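Please look at the structure below. Some questions and answers about it follow.

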Amino acid sequence: MLDLVDILKKTEKQEVEQQKITSVLFHQSEQCKGLVEEAFRFEGVTLPAILQNTDEDIRQHVREATIEIVIVELNLSKNVTEDMKRISHLLPNHASVIVIGSEDAISTIRNLKEMGFYYLFWPVSKVELIDFVQNVNDNRERNSGLGKHRVAKRIAVWGSKGGVGATMLTAEIAFELSTNKNSSCLIIDHNFSGGNLDILMGVNQFEKRSVKPGSLTSNLDAAYALSMTKKVSKMLSVLAIESDDLDEVQMKEYVRTLSKYLASQNNFIIEDLSSSANSCSDLKYVAKECDAMVMVIEPTVSSLREAARTMRRLEDLDSTMRILIVLNHTLCQKSSTVTQHDVEKYLRQSVNVVCPHEPKLGRMILDGKHLYQQDYPISQSLNKLTALLLGEAVEPSKAPLIKRLLKRA
C-alpha cells in the first residue's frame with residue numbers, strides 16, 4: 001500500500017535540494033543587496049552569504065567555504081573591467097562569477113567573457129536576476145559555461161643566464177601571492193636534473209617525482225596531474241619531476257601537459273625558467289602560453305647581452321605578453337660592469353624593479369626566512385614586483401633607497 005505522506009515528503013525534500021545554491025554576494029550598495037535577497041526569497045533559493053565588496057572580505061570568504069556562485073556588484077565602479085582584473089586572483093577557478101554593473105558597453109561584456117565571468121547589466125528585475133543565477137547554476141551542472149574557461153595566469157620567470165636569482169624570485173613571488181594575496185599558486189620547476197628550488201622554498205626532504213617511460217603513454221587526467229605535485233602549503237604546490245630514462249625534450253613536453261590539467265585548479269602558475277640552458281623552444285612556449293614574463297638580469301655585460309638576444313627573439317615571435325625587467329644585484333654594487341642606464345638603453349625598455357644587493361640573503365634562506373616578509377630594501381623590491389604582476393598601484397618607497405641603505409649601515 002502506498003504511503004502518500006511519505007511520497008509527498010520525499011518530493012518536497014527533492015525540490016528543496018534542487019533550489020539549494022551555495023553562493024555569496026559582495027555588494028557595494030544597499031539597493032543591490034536588497035534586490036538579491038528579495039529575488040532569492042521569491043524563488044525559494046537558499047540566500048547567499050552577503051558581505052561588503054572589499055578585497056579583504058573577498059580574500060577571506062571565498063577561501064573559507066565551498067562557493068559555487070560568486071556575485072560581485074560593481075555598480076559604483078569607474079571601470080568594471082579593470083576592477084575585475086584587479087580582484088580576479090582572489091576568486092577560485094571552480095566558482096562561477098556573476099558581475100553586476102551599470103556599464104552599458106559591448107566591450108565590458110567581451111572583456112569579462114574573456115576572463116571567464118558572466119555580466120548582468122543593472123538595473124535588473126527580481127525575475128531577471130534569479131533566472132540569470134539559475135541559468136548559471138544549470139551551466140555548472142552541465143559542466144559548461146564561462147567558468148569552465150577560467151584557468152591560471154601563467155608567469156614565466158626567465159633567467160638571462162645562470163645564477164641571476166630567477167629561482168629565488170620564483171619562490172618569493174609564489175609565497176607572497178599564496179600567503180599575502182591568498183591566491184592559489186603552482187610552481188613548475190623546469191630544472192630536471194637538480195636545482196635549489198627546495199632550499200629557496202625552505203622545504204625539507206624534498207624529492208622530485210620520478211617519471212618512467214610508460215608514463216608518457218598512460219591516460220593522463222587532472223587527478224593524476226595533481227598526484228605529481230607536492231603540497232607546500234594550503235595555497236601553494238610544486239610540480240617538479242626527474243627521470244633517468246627520458247630526455248629533456250620529453251620531460252618538457254610531459255610537464256607542459258601536466259600543467260594544462262592543473263591550470264583550472266590554480267590562480268597562478270609560475271614557471272621557473274632559471275637555467276642558462278633555456279632553448280628557443282622554451283621561448284616559443286613562453287611567448288604563446290604565458291601572460292607575463294619576469295626577465296631577470298644582473299648588472300653584467302654577459303647577462304645584458306643574453307637578455308637583449310631574448311628580447312629580440314620575442315619581438316620576432318610577436319609576443320603580446322607583459323615583460324617586466326628585474327635588475328638583480330647578486331653581488332655588491334662595485335662589482336657591477338653595467339649601469340641601470342646601460343640596461344635600459346640596450347634593451348630599449350625601462351627597468352621595472354631593481355633588487356639591491358643583500359649580504360644577509362644566504363643566511364636568511366638557510367634560516368627558512370622569506371625575503372618578502374622582511375624589512376630590507378630588497379624585500380620592498382619584491383613586494384613591488386608582485387604588485388606589478390597583479391596590476392596593483394605601486395606605493396612609493398617610504399624613504400629613498402640610499403637613505404635606507406645608510407640607515408642599516
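**Strands and helices**

Strand 1 (residues 23–27) and strand 3 (residues 69–73) run parallel and are joined by four bridges. This is a predicted model, in which local features need pLDDT of at least 70, side-chain atom pairs count only at pLDDT 80 or more, and totals for chains, interfaces and linings use all residues. Residues are numbered from 1 along each chain as its sequence is written, and side-chain values use heavy atoms, with hydrogens and water left out.

Me: Which residue in strand 3 stands opposite leucine 25?
Reply: Strands are DSSP runs (E, at least two residues; helices are H or I, at least four), numbered from the N terminus. Two strands pair if DSSP finds at least two bridges between them. Opposite leucine 25 stands isoleucine 71.

Me: Which strands stand at the edges of the sheet?
Reply: The open sheet has five strands in the order 2-1-3-4-5, with parallel pairing. Each edge strand has a single partner strand, so one side of each is left without a neighbour in the sheet. The edges are strand 2 (49–52) and strand 5 (118–121).

Me: Are helix 12 and helix 13 roughly parallel or roughly antiparallel?
Reply: Axes are lines fitted to C-alpha atoms, for helices over the stretch in contact (heavy atoms within 4.5 Å), and angles run from 0 to 180 degrees between N-to-C directions. Helix 12 (residues 301–316) and helix 13 (residues 340–347) pack at about 25°, with axes 10 Å apart. Angles under 35 degrees count as roughly parallel, over 145 as roughly antiparallel, 65 to 115 as roughly perpendicular and the rest as oblique. The two helices are therefore roughly parallel.
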